[in-house]
Amino acid sequence: MTCRIPHALPLPTPAEMAAWDHAAIHEFGLRQEVLMEAAGRAAADVALDILGTAPGLRALVLAGGGNNGGDAFVAARHLADAGAQVLVLHTVPARRYRGAAAVNLRLARRMGLPVACLGARDPEAVARAHWTGAAPDLVVDGLLGTGFSGPLRPAARGWTGAVNRLGREAFVLALDIPSGLDGATGHPDPEAVRADATVCFQAAKLGTALPEAGPWTGELYVEPIGIPGFLIRRAPARTALLTAGTALLAPQPDPLMHKGRAGHVLVVGGSRGLTGAPLLAALGALRGGAGLATVACPGALAAEIRSGRPDVMTLPLGEGRDWSAALAAELAPALGRFAAVALGPGLGREPGAGEFLRALLALPDLPPLLADADALFWLAQAPGLAARAAVLTPHPGEAARLTGADSAAVQADRPGTARALAARLGAVVALKGAGTVVAAPDGAAWLAPFAVPALAVAGSGDVLSGLTAALLARGLAPAEAACLGVYWHGLAGEAVQARAPLRGALASEIAAALPRALLSAFEDFPQPAPTTLTPEDDTDA
């Protein structure tokens, strides 16, 4: 069953958006002209809201050969109605337009707007000639829609280059997606329009919401165009954007609770030179609301791990400094004391650590378990054991090792990588990085809206591991724990970055920021919600 995340916003791929359009027109019976009118009007309204009053505004509207061009024709009409001086340039001969796009091209001409086929001409040269040397104040990019993928053709590269040159003086508004940007991955090939703002129709497309798309999209505006919500719920987008409503998953404190009812987290890790990692994970667990946190480690390292931190308990295993399969047998009788396990911080890559991990994961009746850091190194060699974990939290390098690809391939399609890993390994995967992606084995995925440089520091991931394990210990389902953990961690990173904007923050400071970090989210949702919604159920929000 798909996990329920409150108030997550759908992020359709271009194919999913096309299916919604098709259903609205061919099944529900909305005319394409109605949807196109709503889209173009919304775009014009956004432009006028940003730039102010229209009289005298020079607006260059560029229309491609598909429905994105039809949206541009509608926007041109509404800009002209508001008093703007509009020039419309379309990229294919008028006879090639079909359906609603052809209708709106005729309407633009009927209004008396200057409309011309661009052909092989340079849009910048045509615009400057039209306004006797002046640049437009606004460029509306309706050249290529969300259906575009693959490398730009030479003509399209010329158009996007011209728009970017004009953008040095003009405000560039993209319709649905900047031309040249892939709507699924957020990557240009090799260039795209660099918009100051993008108006996304009905929902932001997955590619536009990914952090790497930011230099091309500018500020995103999401405007409804009338696709019925029941059609969207019937065929939900597989990916959703986490919002402040994610905080509603946080367990509410009970005035009568005691530390045992708040969850006891076991952090399993630590090795020679890596004793700080399990301590940071334990602090993340405690700062995330766990009642108790214990670090299980080779016995000779226990004093070093707990030194100066009376909040954290230790469970020494054996008397040496190295892991072995025998330590898993020693740990087994104590596992029933713990509500969740975070396995891997500082575990190390000595052969004994791998033997310990395999022996531990072979034990029956494990508590909900999160695997991170060095545990992922060993799981890459024994992927069949990954299903014993509830949550995996790889960074791109670890994900590359798990997939057998390289980091560049992981980064080229982060949502696809996370979703494929979750399906193959049978566990929830949180692919860390700017725009962390949480994916469930059933194909659902959630994107975190954070790209916070302060989180790019050693130990930050250990804090996230402990925090997420604390949420598992407090009874959240794996995908819920991962989504809330990632969102909460991102808010803490923003709080720390506000105090250290040029970097220099420590992972321990991220942990310390956790208790207050959710308060900003609760400002939007001051009362806990009695029920939660799936990403798909909140499409009308």
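Visitor: Why does W488 count as buried?

Guide: Buried means under 20% relative accessible area, exposed means over 50%, and partly exposed lies in between (1.4 Å probe, protein chains only). W488 has 6% relative accessibility, so W488 counts as buried. A word on the source: this is a predicted model, where local features need pLDDT of at least 70, side-chain atom pairs count only at pLDDT 80 or more, and totals for chains, interfaces and linings use all residues. Residues are numbered from 1 along each chain as its sequence is written, and side-chain values use heavy atoms, with hydrogens and water left out.

Visitor: Which residues does W488 touch?

Guide: Contact means heavy atoms within 4.5 Å. Not counting residues up to four places away in sequence, W488 touches R287, G288, L467, L471, L514, A517 and L518. The C-alpha atoms of W488 and A521 are separated by 9.3 Å. Along the chain, W488 and A521 are 33 residues apart.

Visitor: What makes a group of residues a nonpolar core?

Guide: A nonpolar core is a set of buried Ala, Val, Leu, Ile, Met, Phe, Trp, Tyr and Cys residues, joined through side-chain atoms within 4.5 Å. The largest one here has 73 residues. I5, V265, V438, W446 and W488 touch the most other members. Helix α19 (residues 478-499) gives the most to this core, with 11 residues. W488 lies in helix α19. A second, separate core has 53 residues, including L331 and A371.

Visitor: What is expected for α4, and what does it reach?

Guide: Helix α4 (residues 99-110) has 12 residues. From first C-alpha to last, α4 reaches 17 Å, close to the expected 16 Å. A100, N104 and A108 are among its buried residues. The buried residues of α4 pack against α2, α3 (67-81), β3 (85-90) and β4 (115-117). After α4 comes G112, with a positive phi near 85°.

Visitor: Why is β11 called largely enclosed?

Guide: Count its buried residues. In β11 (residues 292-298), 7 of the 7 are buried, so the strand is largely enclosed by the rest of the structure.

Visitor: What makes two strands a pair, and which strands does β11 pair with?

Guide: Two strands pair if DSSP finds at least two bridges between them. β10 and β11 have 5 bridges, in the parallel sense. β11 and β12 also pair in the parallel sense, over 5 bridges. V268 stands opposite A296 in β11. C297 has P316 in β12 as its bridge partner.

How values were computed: Helices (H or I, at least four residues) and strands (E, at least two) are DSSP runs, numbered from the N terminus. The expected span of a helix is 1.5 Å times one less than its number of residues.
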